[in-house]
Amino acid sequence: MVIRESKLKLAIVGVGGWGKNHARVLHDFGTLVAICEIDFQRGKELAGKYGATLYSSIDDMLNNERKLDACVVCTPTKTHYTIAKKIMEKGINVFVEKPLAFSSKECEEMIDIAEKKKVILTSGYIERFNPAVQEVKRLIDCNKYGDLLMMEFHRENRMPLHVKDVGIIYDTAVHDIDTAMFLFSCRPQVVFALSGKKFHSYEDFATIMLGFRGHKVAIIASNWITPKKVRKFSAVCTDGIIAGDFITQEIAIDYKEATIIPRRQQFQEPLTLELQSLLDAIDGKIGKPVISAIDATNVTRVAEAALLSSNTGSPIYLDLK
C-alpha cells in the first residue's frame, strides 16, 4: 500500500539488516527506483518485489540513475564515509544510517563535501521520531514536572548477527547518546565508560555515563547478552519521574502519590516518520533535516570518547560544537 505518492526518486545502498526496512518504506512512499546490493540474491528478491532497478556497483548506479534526488546508505559503519562521499560528489542528497561515520574526522570531511556540493547530509537517529520521545521532550520543555536532572537508558537484546564491523557502542548505544542530547537540549562535557566483550569481536556490553552542565547526567546501559528485548528510558525531574518505552511508545509519570499514564496516541512507525521527514527536507517543506550533520557528528565524537574511556579507564572531557 502506498502511503504517500511522491515524484522524488531515491535509491538505497545496502538492503541487508535494517536496510530492507528502508526499502519497504521508500517503496510505500512511491520513491524507490534503485537498489544497490552486493548480495545478488538478496538484491534480486527485493528489487523484484518493489519494482526497482538492481545494481551491484555504486558507480554503475550513479552513472545510470542520472536523476536521483537522494540515496539512503544502509551499509556497514566503516563503509559510510567512502560511499556517502562518492554519492555527494555527484551532487546527490544523502541519508546515512547511524552512525554518520566511524570517526569524527570522516564526519567533518563529509560535512565539508555536503556544504561544497550544496546537498543534504543527514543520519538515521530514528528515536528522535519516536512518539514516546517526542512526548517526553514536550513535557520536559514545558517544565511540567520540574527540571530534568538525570536520564537512564536500557537497550538490551541478543547480538544481531549482521553487525560485524563495530561493537555495541557504535551500533546501539549511539541511539541513546543522541536521545540524551536531544532531551537535555545540550551536549555532554564529560564521558566515562566501561565495556567488555563476551561473544562478539568487539564490545558487546557497555555502560556509559554522560556528564552535562549543572551536574546533570545520563546513564546508558546496553548489552547484546540479555535474551529479552528491552528498549526503555526514564527521565528524573525535580517534581516527577517520566518513564518511556521505545517499543510500545507508552509513557508513565510518577508524580506526587500517583502514577499517571497518558492516553497513547495511535502507534506510528518511527522509520516512516523519519523517511517522511527526509522527503520533506528534499522537497523544501521543512527548512533543514531534523538530524543535522553536526548533531550526528557529535554523536560519533561521544562514541569515540566512550571507547577511549573504556580502553583507558579515564573520563574523557569534551568541547562539542
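Colleague: How far is the sulfur of Cys 74 from the closest cysteine sulfur?
Modeller: The closest one is in Cys 71, 11 Å away, so that is too far for a bond. A disulfide here is a pair of cysteine sulfur atoms within 2.5 Å. Bear in mind that this is a predicted model: local features need pLDDT of at least 70, side-chain atom pairs count only at pLDDT 80 or more, and totals for chains, interfaces and linings use all residues. Residues are numbered from 1 along each chain as its sequence is written, and side-chain values use heavy atoms, with hydrogens and water left out.

Colleague: And Cys 186, what's the closest cysteine sulfur there?
Modeller: That one is in Cys 237, at 14 Å, again too far for a bond.

Colleague: How many disulfides does the structure hold, then?
Modeller: It holds 0.

Colleague: Is Cys 74 buried or exposed?
Modeller: Buried, with a relative accessible area of 11%. The cut-offs are under 20% relative accessible area for buried, over 50% for exposed and partly exposed in between, using a 1.4 Å probe and protein chains only. Cys 186 counts as buried too, at 11% relative accessibility.

Colleague: How many bridges join β1 to β4?
Modeller: There are 4, between residues 10-13 of β1 and residues 70-73 of β4, running parallel. Ile 12, for instance, has Val 72 in β4 as its bridge partner.

Colleague: Which residues of α2 are buried?
Modeller: Gly 43, Leu 46, Ala 47 and Tyr 50. Looking down the axis of α2, these fall within an arc of 100°, so they line one face of the helix; the arc is that of the directions from the helix axis to the C-beta atoms. Their cover includes α1 (19-28), β2 and β3. On the face turned away from the buried side, α2 carries the exposed residues Phe 40, Gln 41, Glu 45, Gly 48 and Lys 49.

Colleague: What follows α2?
Modeller: Gly 51, with a positive phi near 65°.

Colleague: Now the sheet of 9 strands. What's the order there?
Modeller: It goes β14-β13-β12-β11-β7-β10-β9-β8-β15, an open sheet with mixed pairing. β14 (258-260) and β15 (316-317) are the edge strands, each pairing on one side only.

Colleague: How do β11 and β12 run, parallel or antiparallel?
Modeller: Antiparallel, with 6 bridges joining residues 230-237 to residues 240-245. A hairpin of 2 residues connects β11 to β12. Lys 232 has Asp 245 as its bridge partner in β12, and Val 236 has Ile 241. Ile 241 also stands opposite Asp 254 in β13.

Colleague: Which residue takes a positive phi in the hairpin of β12 and β13?
Modeller: Gln 249, near 65°, in a hairpin with 5 residues between the strands.

Colleague: Last topic, α9. Where does that helix lie?
Modeller: α9 (residues 293-312) lies across β8, β9 and β15, at about 60° to β8. In α9, 14 of the 20 residues are buried, leaving the helix mostly covered.

Colleague: What is Ala 305 in contact with?
Modeller: Setting aside neighbours within four places in sequence, Ala 305 contacts Val 191, Ile 316 and Leu 318. Ala 305 is found in α9 and is buried, with a relative accessible area of 4%.

Key: Two strands pair if DSSP finds at least two bridges between them. Contact means heavy atoms within 4.5 Å. Axes are lines fitted to C-alpha atoms, for helices over the stretch in contact, and angles run from 0 to 180 degrees between N-to-C directions.
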